[in-house]
Amino acid sequence: MPFPTDCKYTKEHEWIKADGNNASVGITNHAQESLGDIVFVDLPKPGIEITSGKTFGSVESVKAVSDLYAPVSGMVTEVNGELATAPEKINKDAHSAWMIKITLKDPTQLNSLLSAADYEKFVAEEGGK
Amino acid sequence: MGAKMVEFNGWKMPVEYPSAGGIVAEHNAVRTGVGIFDVSHMGDIRLAGPEALAAVQHISMNDASRLAIGQAQYSALLYPEGTFVDDVVVHRLGEGEYLLVINAGTREKDFSWVTDHTRQFNCAVENLSDDFTQIAIQGPKAANVLQKLTDADLSAVKFYWVTRGTVCGLKNTLIARTGYTGEDGFEIYVPSDEATSARVWSEILEAGKEFGVVPCGLGARNTLRLEAKLPLYGHEISDTINVWEAGLGRFCKMEKPDFIGRASLEKARAQGIRRGLVGLEMTDRGIARDGYKVLDADGRDVGYVTSGSPAPFLKKNIALAYVPTELAALGTELKVEIRGQGVKAQVVPTPFYKKPKKT
């Protein structure tokens, strides 16, 4: 499955979709596939500052806990509350199941992230190891 | 097969089969239908000879003299300290012939231990681990599936008994009504060459189609055994945990002739047991995981989680943990430290899951 081209990606398998100074963040379809059945998400509250490259929450499948890494710095403005009771939505459609919305601290940080094509290549290389 | 593989004690093992729907679907198939597991990593030690019973009695805590031919029992090999070398299932296959089924991670250690501590007995000890592939067929419909593939009358085999029969054309195959899932089911022992085990595996899948059989990985095996409170070596039992602490006293027969570990257990019992294994259910949002700290209501560090996971069938977040005995009473409010936060949990009855009685 191709990754949406209107998003940027991290090597930790988050996607970020920016619109001006605002962006939504989630995990990729590849991430949900490797995690398996997602049963729990732990997300920050609105108003919390997140920092590029630092963890901002976690996602748990039946067998494991994985940290979520902030693709860029910013402030959380909204949290997808639906995921608290229905985390399986991430398995069903990872690219529409956004986790948090943020206002960007520095939109130029987006330039250092992977494009859909680069991310796809990265995933393919990682899988080939 | 499309399995997601992981390294487990040096074995490449299937952790889940995404094509089967993943861990939750695999787990629930075993609770309500049937699933099959490739558990060829398990080890097998055969003791045979005129003094095989005496040897088994010496190295294991349950009373093997109570076994009829064809019967099996849960037991453990103990260190002189009363702690665990491993837990085992002892099968009595014949007059003076016993088969010990042991864990993957402890195979070499177990075999050396059994060999070293049975030298004084007139019996041969053989490591058959590489000779057999063990396949587990588990769930309320396990008997329906396996019966299609064997001439042995499975209805005559009770839980924790074994029989022999032709399975998938393989004569004299050992069939045990045992498992590690908390369900009815069977474990069969077939020759370990790849062609044979692959053929048997696909024949079971084929025969099980009408019953909705699902291939299951280590992930589901772990959640199933946790719901049923079946111990896992290195978690609930280890070389630093004794039989009483682990709550396995009912499988330890102090009245049988002397065995390794008995003296220490006698002493430990007289001194009083200071910690015990309890079942926890998370009452606040959060999942306890292996190794997480257990806190008392005031936030003091009092114990640790040995196994923790979401329970796919019960749809709760459960854990097994060691806590001081004064905090082990049912209903006790505790906390589990999850990423720096004390998340509420309660001591609940175990096993978390018990298979329904047959009507």
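## Strand pairing in chain B

Two strands count as paired if DSSP finds at least two bridges between them. In this predicted model, strand β11 (residues 170-176) of chain B meets that criterion with strand β12 (residues 185-191) of chain B, as three bridges join them. The two strands run antiparallel. Within β12(B), Tyr189(B) is the residue that stands opposite Leu174(B).

## The six-stranded sheet

β11 and β12 belong to an open sheet of six strands in chain B, ordered β10-β11-β12-β9-β3-β13. The pairing in this sheet is mixed. β10 (162-167) and β13 (214-216) of chain B are the edge strands; each has a single partner strand, so one side of each lacks a neighbour in the sheet. On average, and with direction ignored, neighbouring strands of the sheet are turned by 30° against each other.

Helix α5 (residues 194-208) of chain B packs on this sheet. The strands that α5 touches are β3 (35-38), β9 (132-138), β12 and β13 of chain B. The direction of α5 makes about 10° with that of β9(B).

## Contact between chains A and B

The contact between the chains involves twelve residues of chain B and nine residues of chain A. On the chain B side, α1 (22-32), α6 (218-227) and β16 (301-311) are the elements that give two or more residues. Of these, α1(B) gives the most, with three residues.

Sorted by class, the side of chain B that touches chain A consists of five nonpolar, four polar and three charged residues.

Key. Residues are numbered from 1 along each chain as its sequence is written. Chains are lettered from A and ligands numbered from 1 in the order in which they are written. This is a predicted model: local features need pLDDT of at least 70, side-chain atom pairs count only at pLDDT 80 or more; totals for chains, interfaces and linings use all residues. Two residues are in contact if their C-beta atoms, placed from the backbone, lie within 7 Å. Helices (H or I, at least four residues) and strands (E, at least two) are DSSP runs, numbered from the N terminus. Ala, Val, Leu, Ile, Met, Phe, Trp, Tyr, Cys and Pro count as nonpolar, Asp, Glu, Lys and Arg as charged, and the others, Gly among them, as polar. Axes are lines fitted to C-alpha atoms, for helices over the stretch in contact, and angles run from 0 to 180 degrees between N-to-C directions.
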